[in-house]
Amino acid sequence: MRRRTGRPLEPLVLTAEERETLERWARRPKSPQALADRARIVLDCAEGKSNGEIAASNGVSRQTVSKWRGRFLRHRLQGLSDAPRSGAPRTITDEQVERVVTRTLETKPHNATHWSTRSMAKALGMSQTAIARIWRAFGLQPHRSETFKLSTDPHFVEKVRDVVGLYVRPPEHALVLSVDEKSQIQALDRTQPLLPMRPGQAERRTYDYKRHGTTSLFAALDVKSGRVIGQLHRRHRTQEFLAFLRMIESKVPKEQEVHLILDNYGTHKTQPVKRWLLKHPRFHLHFTPTSASWLNLVERFFAELTEKQLRRGVHRSVRELEEAIVAHIEAHNTAGKAFVWTKSADEILERVAAACERISNSGH
């Protein structure tokens, strides 16, 4: 009995450009999986393999191989993309979208400081759902507002380059410390016991609290290792800052130069501090620009301390609070976690310049 061979397959011949594109689609990690599979099927077809052989090697059916062989022969590379799916026709025109976006960005309601989906829908005669969808598509969030402050320091550029230079290219055989104080940390106790977390319910606490006093943390962050030198004081004056400088001096090897990055708080510039620095010439001070505390890397440690220990902590005395802070510093130093500065001085200055330009063009 003679074997049935079926209809002969139409030869599939690739140009050099088509082969290069298909091979790139097949091996590139970011290619959609479906597109990569189709590219491999067509490459196998170009080698003269039968539909059955290709189906077996690619783990698909013969019908799938036949479909993409035919689509490629009719439409070439464009045929491997998915055809557009049918759906409900658009009910919102481009003009309506433009009106929503323009009105959101350029106007305010007469009785409020910002638009809501309801007020915008009422003003334009559209549905609240449509307004929400348009805002989401364009990343508009009128209900949100953030704060900022640009430094007016006349030496802003020079100070940014100086401080960032210490972060990204610290001097050899020297220690760079980011120094600041987290003052007036309150020892807070809730008026009633906490309700612990359980499935489907977050931890709950009373909104009111009892104050048991305050303490101030003087901290120096080693930029290279991430280790923190900390000292706690009940007050925040020149003598406390000098005591902290003496503590740093005692912990750093005598032969090592010390570069301190500080903000412009008055305690850092008093005459007793200046006299102490004259007697200890290996200490070099670098001041951040005014209103630019974000440039002091130790603020990142303070944010971690607040998030992990202070915000939800319950402390019934200042001593209990100070013990918790010391324990957090020890755990941080044991972990050996360094905070890496990633922005160059040029990138920072470009962003500040762009912000200044936006303010100048805002009309306010």
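Me: What order do the five strands of the open sheet have?
Reply: In this predicted model, the open sheet of five strands has the order β3-β2-β1-β4-β5, and the pairing within it is mixed.

Me: Which strands stand at the edges, then?
Reply: The edges are taken by β3 (228-233) and β5, and because each has a single partner strand, one side of each is left without a neighbour in the sheet.

Me: And by how much are neighbouring strands turned against each other?
Reply: On average, neighbouring strands of this sheet are turned by 30° against each other, with direction ignored.

Me: Let's look at β4. Is it enclosed or open, and why?
Reply: Strand β4, which covers residues 257-262, is largely enclosed by the rest of the structure, because five of its six residues are buried, where buried means under 20% relative accessible area.

Me: How does β4 pair with β1?
Reply: Strand β1 (residues 174-190) and β4 pair in the parallel sense, over five bridges. Looking at individual residues, L175 stands opposite V258 in β4, and L177 stands opposite L260 in β4.

Me: What about β4 and β5, parallel or antiparallel?
Reply: Strands β4 and β5 (residues 283-287) run parallel and are joined by five bridges.

Me: Last topic: what unit do β4, helix α10 and β5 make?
Reply: Together with helix α10 (residues 271-279), the strands β4 and β5 make a β-α-β unit, and this unit is right-handed.

Terms used: Residues are numbered from 1 along each chain as its sequence is written. This is a predicted model: local features need pLDDT of at least 70, side-chain atom pairs count only at pLDDT 80 or more; totals for chains, interfaces and linings use all residues. Side-chain values use heavy atoms; hydrogens and water are left out. Buried means under 20% relative accessible area, exposed over 50%, partly exposed in between (1.4 Å probe, protein chains only). Helices (H or I, at least four residues) and strands (E, at least two) are DSSP runs, numbered from the N terminus. Two strands pair if DSSP finds at least two bridges between them. A crossover is right-handed if, with the strands pointing away from the viewer, the path from the first strand over the helix to the second runs clockwise. Axes are lines fitted to C-alpha atoms, for helices over the stretch in contact, and angles run from 0 to 180 degrees between N-to-C directions.
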